[in-house]
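Hi,

Here is the structure I said I would pass on. Have a look at it first, and then read my notes below.

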Amino acid sequence: MEQIIANGLYLGAQYALIALGLTLIFSLMNVLNFAHGQMYVLGGFVCYTVVAQLGMPFIVGLVASALVLAVLGGLIERFLFRPVIRRSKRDESTMLLAAGIAFFLDAVILLLFGEKQRGVPKVVNGVFNWDFRIIMPYDRILIGMLAIGLIVAFILFMQYSKAGRAMRALAQDRVAAQLMGVDVDRYSMIGFAMGAMLAGLVGALLVTITGVNLGMGGPTSIKAFLMIMIGGAGVISGAIAGGFILGMMESVGLSVLSSYGDVTYLVIFATLMIFLAIRPQGLMGKPWG
Amino acid sequence: MTRMLSFDNVELYYDHVYALKGVSIELNEGETVALIGANGAGKSSILRAITGLRKIKSGQITYMGERLDGTSAPEVVRKGIAMVPEGRRVFPLMSVKDNLLMGAFTRSDKPGIEQTLESILTRFPRLRERFNQQASTLSGGEQQMMVIGRALMAKPRLLLLDEPSLGIAPKLVQDIARAIVAISRDEGVSVLLVEQNSRMALSISNRAYALSLGQVVLSGNSRELLNDPRVKAAYLGGDV
Ligand SMILES: Nc1ncnc2c1ncn2[C@@H]1O[C@H](COP(=O)(O)OP(=O)(O)OP(=O)(O)O)[C@@H](O)[C@H]1O
Ligand SMILES: [Mg+2]
């Protein structure tokens with residue numbers, strides 16, 4: 001039991017970070033970023049390149065992933081989403097664009113990093129063992145802690161910094177935010193860069209544990225959208241709740257249902273369908289807070 | 001008296017429907033000017049044109065001797081123009097404190113911001129009581145005070161108010177009216193006041209323009225307009 005909870009928390013922290021990036025982009029720009037999983041994979045490969053190929057410390061790999069993805073996210077907003085949003089009022093346009101970017105990033109990843117599974121050496125060795133009730137390798141504990149630290153940092157940033165306040169204002173009332181002097185273009189770009197950065201950071205964190213491969217992009221995007229649907233789109237608390245709930249469900253599923261074969265996600269999807277039929281807006285409802 | 005703001009033959013369209021058809025108005029420094037008129041007359045459109053939320057099609061807007069049309073909304077705020085929009089538009093999930101701080105978004109002088117905040121909380125003690133409360137839980141009147149305070153946080157030279165009495169209990173309308181008078185007196189800001197409550201608007205402004213179908217149909221000294229039979233018939237409910 002303790003083991004399932006510990007695993008769920010560990011997974012949930014990663015998932016929550018992914019969901020936070022996705023929900024940030026959605027609430028600022030009304031864009032469903034289908035390329036979120038690919039950004040995660042790219043972050044993993046950047047970290048792999050810096051740590052395993054160039055032999056730099058893991059922390060350098062993390063920072064490099066964050067920077068590369070932030071710049072990439074900023075450029076994608078500036079040169080792809082911004083002109084499309086300006087010219088087209090239809091939501092489908094940005095959805096198609098996001099899907100196109102997902103395929104494009106898949107191709108870029110294939111070209112640059114190939115299709116092999118890649119990983120980096122363990123950051124710390126050893127296994128934590130609490131009376132055989134919780135057994136968890138130290139590197140998982142470290143990565144889980146880092147993820148939780150990043151979630152806390154993100155919340156503090158959104159809550160107390162001027163830029164964070166501006167982004168919340170923009171999400172809550174676009175016109176009023178403009179009247180306060182918030183530059184919509186600028187903060188859409190910052191928001192997209194931050195969202196992409198969070199995805200990249202999770203990829204970089206997980207490359208030390210599970211490794212990374214080309215095929216993980218699509219499924220990761222789907223998981224990210226599941227979390228948003230569970231928690232409610234555009235809400236910080238919803239993204240976090242969604243992430244931890246999915247992490248828990250997966251953890252429970254993997255230990256309880258594994259004897260029935262690979263049915264965890266079948267059960268999760270079925271549960272989610274019933275849940276959404278009852279509460280389509282997710283747990284935390286719609287607006288941003 | 002120095003000219004602060006002027007509209008010179010301004011036209012504004014929404015797609016192909018016109019909202020302003022050759023509007024010329026003026027506002028001098030220190031003045032409170034009212035814009036009155038029926039629904040759809042174009043009052044809000046004038047404010048949207050000033051703040052850069054909507055581009056004008058022709059004509060010219062001048063502010064402090066410089067051309068204002070074509071300036072982006074954030075830049076307009078930096079030039080000292082703050083607006084209280086129609087329907088209040090609070091940031092519903094933010095605290096009163098964060099709403100007010102958003103008003104000072106273009107400022108970076110920490111001590112100055114603190115000082116302005118303190119003076120606003122003194123002017124509207126209700127906001128101090130509700131300081132950490134979520135804005136959506138405030139009453140309509142409290143929200144209106146908050147968004148007026150939010151606009152003042154920018155330390156504007158020109159304050160644009162779009163129907164501050166809308167949806168507010170009659171007793172509170174008087175409070176709001178008094179606050180507007182006090183603000184223009186104490187802070188030395190000029191005020192452009194859009195109102196459907198013409199009696200209130202005319203009684204607290206120096207001059208006024210009446211709009212109809214995107215055109216100025218009457219203008220003059222507010223006290224004289226209050227007694228003008230045409231105004232009484234058209235805008236004051238005909239209680240001659
Ligand atoms: N976003 C919009 N799209 C299309 N037409 C609009 C839009 N906003 C306003 N209009 C039209 O422009 C005209 C002027 O509108 P405006 O909002 O300036 O009127 P108003 O005098 O402020 O009215 P009210 O007292 O109802 O607020 C109206 O005919 C209105 O229908
Ligand atoms: Mg209006």
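Strand β1 of chain B (residues 3–14) runs antiparallel to strand β4 of chain B (residues 58–63), and the two are joined over five bridges. If you want a spot to look at, find L5(B), which sits opposite Y63(B) in β4(B). One thing to keep in mind while you click around: this is a predicted model.

β4(B) also pairs with strand β5 of chain B (residues 66–67), again in the antiparallel sense, over two bridges. There, T62(B) stands opposite R67(B) of β5(B). The hairpin made by β4(B) and β5(B) has two residues between its strands, and M64(B) takes a positive phi near 50° in it.

Next, the metal in chain B. Which atoms coordinate the magnesium ion (ligand 2)? They are OG of S44(B) and OE of E86(B), at 1.9 to 2.5 Å. S44(B) belongs to helix α1 (residues 43–51) of chain B, while E86(B) is in the loop between β6 (81–84) and α3 (96–103) of that chain, so the pair ties together parts that are 42 residues apart in sequence. Are these two residues buried or exposed? S44(B) has a relative accessibility of 11%, so it counts as buried, the cut-off being under 20%. E86(B), at 33%, is partly exposed.

Now over to chain A. V123(A), V124(A), F128(A), W130(A), Y138(A), L142(A) and L146(A) make a nonpolar surface patch of about 530 Å². At least two of the patch residues come from each of β1 (127–130) and α5 (138–160) of chain A. The biggest contribution is from α5(A), with three residues. V124(A) is placed in the loop between α4 (91–113) and β1 of chain A, and its relative accessibility of 31% makes it partly exposed.

I also looked at the UniProt record for chain A. Its unreviewed entry lists several stretches as "transmembrane region", including residues 12–32 and 134–158. Here is how those two look in the model:

- Residues 12–32 of chain A are 86% helix and 0% strand, with the end C-alpha atoms 21 Å apart.
- Residues 134–158 of chain A are 84% helix and 16% strand, and their end C-alpha atoms lie 34 Å apart.

The other stretches given in that entry for chain A are 62–81, 93–114, 189–212, 224–247 and 259–278.

Cheers

Note on methods
Residues numbered from 1 in each chain as written. Chains lettered and ligands numbered in written order. Predicted model: local features only at pLDDT ≥ 70, side-chain atom pairs only at ≥ 80, totals over all residues. Heavy atoms only, no water. Patch = residues over 30% accessible without salt bridge, like charges linked within 9 Å, V, L, I, M, F, W, Y side chains within 5 Å. Areas by Shrake-Rupley, 256 points an atom, 1.4 Å probe, with all protein chains shown as cover. Salt bridge = Lys/Arg side-chain N within 4 Å of Asp/Glu carboxyl O. Helix = DSSP H or I, 4+ residues; strand = E, 2+ residues; numbered from the N terminus. Buried < 20%, exposed > 50% of the residue type's maximum accessible area, 1.4 Å probe, protein only. UniProt positions renumbered as here; feature names shortened; annotations may be inferred. Donors = N, O, S within 2.8 Å, 3.2 Å for Na, K, Ca; no water. Pairing = 2+ DSSP bridges.
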